[in-house]
Each structure stands twice: as C-alpha cells, then as structure tokens.
Amino acid sequence: MRSSVLAIGALTVAALGLAGCSASDSSASATDEAQAWPDSITVSLVPSVEGEDLAEALDPLTTYLSDGLGIEVEGVVASDYAATVEALGADQAQVVITDAGSLYQAMNQYDAQLVLRDVRFGATSYSSVAYTNNPDKYCETAPVKATYAASDIELSYCNGIEEAGKNATGQGEAGIDALKKISKGTKVALQAATSPAGYQYPVVAMRDAGIDTDADISQVPVEGNNNAVLAVANGDAEVSFGYWDARTTVTAEAPDVADKVTAFAYTEMIPNGGVAVSNTLPADLVEQLTKLMDDYADSSDEAKTVMFDLVGLSDWTSETADDEISRYGEILTQFAK
C-alpha cells in the first residue's frame, strides 16, 4: 500500500510538473505571438509632390524600409494631415509622417508613439516672424543685416533678434515686447486660422501683449507666407506674420524685400512635424524602424534628394522634444471650434 501511495504521489508531482511546463510554454508562446512582427506595415504621409510622380517618389523610401526590416512596407497618400491620424486610428496605417498638430492628436487620441522629428536646415522647430514696413515705429534701434544661410540672402532685422553681419538663427522668443506697439486700427496681415506661423502663434503672442485681435486691429486676410510678406512690402498692411524666413520666397517679385520688410520680433518656437507609430507595433520593430528612418537621409545622395522632394525635409532626428508638441497642443486648443 505504501508503495502505491508513493507511486500515486510521484505521478501527481510529475503531472504538476508537466502542467507547470505546459502553462509556462503556453505563456511563452503567447508572449512570442504578441511580439511577432506583422507581414507588412503601411506608412501614411502627405507628400510634397503630386500626380504621376507620386509612386516614383514614394518607392525609394518604402523599398529602403522593406529591405532593412525584412517585411513589406507600403506607402499610402493621405489627402491632408488630419487624414494621417484617421488612418492610424483605423489601423489602415501603422506609421505616419505628419505635421505637429496631427502628431499631437495621434498621441492623445490613439496613444501613438512619437519616434522622430522633422529636421529642416538643421532645425526641428522654427519661429513665426513679425514683419513690418515701419521700422521707426517697431524698432528700438536701426535695423541691421544678417544672412539667412539656407538661401545665402542678407535680410533686415531689428530689436536685437539677430546680430549684424552674422548668420541669422531664427530663434525665438525674441523682441516680442515690440508687439505692444501695434496700435488700435493697425492693418495686420494674417493667414488662415489653421496656419501656425501665419495665424495661431502670432494671435497668441498679440493677445499676450494685451491686444484684442478681434477689435483692436484691422485684419488683412492673405493666403500663404509669400503673400503675408508681400502685403507688407506693397503697403497693404503695416505688420504681417510668416514662417522664418518667408521673405526669401518673394525675392523675384520684390527684389528690395531686404530693405522694405524688416523682421522685428520672433514668437516662441513652433515645432516641425515628425513620425509617429501605432502602439500595436512590437517594440523591437519600432526600434529598428526608427533607426532606419533616422539614417535614411545619410544612406545615399539619392535618399537625401528623395527625402527633400518627398516631404521637404533634410533629415529626421530621434531627439523628439515631446514638450514642444505638447505646447503646440495647448495652442491648438485655443482655436478649436
């Protein structure tokens, strides 16, 4: 009898051991399955190119990513930046290349992970510039010339926002108190309410300066940064706002723009867009994808050209500066309908 009890006990222990192994194996299997890479992923973006050049423009990037990851990477075109967020939320895309506002929405609505920030001419953010044709009113000292290195053009600045004879940096906030000199009834050219540099950040800055932007100024609606500069150059407005430095876009129409239009203030910095990924992707896939995209611009001369032509960028960086995106979200809420 004792022998039978021992045998039964041994069988019970063995069974428990097997059950333990089975549970462990099952758990490991579930973990492996959860971390398994998908057969393909989709990248959604709003490209700079249009029409029949689109497929050709997308192919080098998606081929590079496919080769590097060992899975199929497809590229789809979004009609606008908001559509990239919708694609991510519907799992129609797992990677989005989009603007700062859409990054904020993707992170907050769908818990997307911000992995890269756009780099344009070495910067991940830019200022909105306050322009004027009346430096006597808005400048504490005589305007000076500094070089906008991206175009090698000398432009006019005042209030110490740039140093004479040096390369301009475009870093804000700077000279912002000069906005208080915008007097009642002043004609101010503003772009569409969805424009960060042409409307949102300037309006916030003017409100912070004590200006009622609905009642105290005479708004002159313009379309695009070039027209914001031309409004001041042509005398249609005394002040306008645009990205740094939009004056370089109108040198053909206004060859004397460097003398006629002076930059007198910079707003706080506005973040560039970037790359966000779905929280459903495995961590090791995200890590490898991030590195590949971070290295893309330096992978070949063709890649650098493709990147600029495709999305107007010179590079991506993994230094994401999430706080700038969060601040942009705060700005956006002020203009939400």
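Predicted model: local features only at pLDDT ≥ 70, side-chain atom pairs only at ≥ 80, totals over all residues.

Confidence first: pLDDT, the predictor's confidence in each residue from 0 to 100, averages 88 over the chain, and 87% of the residues score at least 70.

Residues are numbered from 1 along each chain as its sequence is written, and side-chain values use heavy atoms, with hydrogens and water left out.

Next, the overall make-up. I get eleven helices and 13 strands, taken as DSSP runs numbered from the N terminus (helices are H or I, at least four residues; strands are E, at least two). Of the 337 residues in the chain, 47% are buried, meaning under 20% relative accessible area; exposed is over 50% and partly exposed lies in between (1.4 Å probe, protein chains only). Looking at contacts between residues at least 6 apart in sequence, I see that 74% join residues at least 24 apart. The accessible surface comes to about 16,400 Å², and carbon and sulfur atoms hold 49% of that; areas are by the Shrake-Rupley method with a 1.4 Å probe, and for residues only the protein chains shown count as cover.

On to the cysteines. How many disulfides does the structure hold? One, using the cut-off of a pair of cysteine sulfur atoms within 2.5 Å. The partners are Cys139 and Cys158, with S to S at 2.1 Å. I looked up where they sit: Cys139 is in the loop between α5 (135–138) and β6 (144–148), and Cys158 is in the loop between β7 (153–157) and β8 (186–190), so the bond ties together parts 19 residues apart in sequence. The S-S torsion is about -70°, which makes this disulfide left-handed. Buried or exposed, Cys139? Buried, at 9% relative accessibility; Cys158 is buried too, at 2%.

Last, Asn272. I find this residue in the loop between β11 (262–271) and β12 (274–277). Its relative accessibility is 3%, so Asn272 counts as buried. Leaving out residues up to four places away in sequence, Asn272 touches Ala100, Arg117, Asp118, Val119, Arg120, Ala123, Thr124, Ser125, Tyr126 and Ile325. With Ala123 I also noted a distance of 3.0 Å between its backbone oxygen and a polar atom of the Asn272 side chain.

How values were computed:
Polar contact = N/O pair within 3.5 Å; in protein donor to acceptor, adjacent residues only side chain to side chain. Contact = heavy atoms within 4.5 Å.
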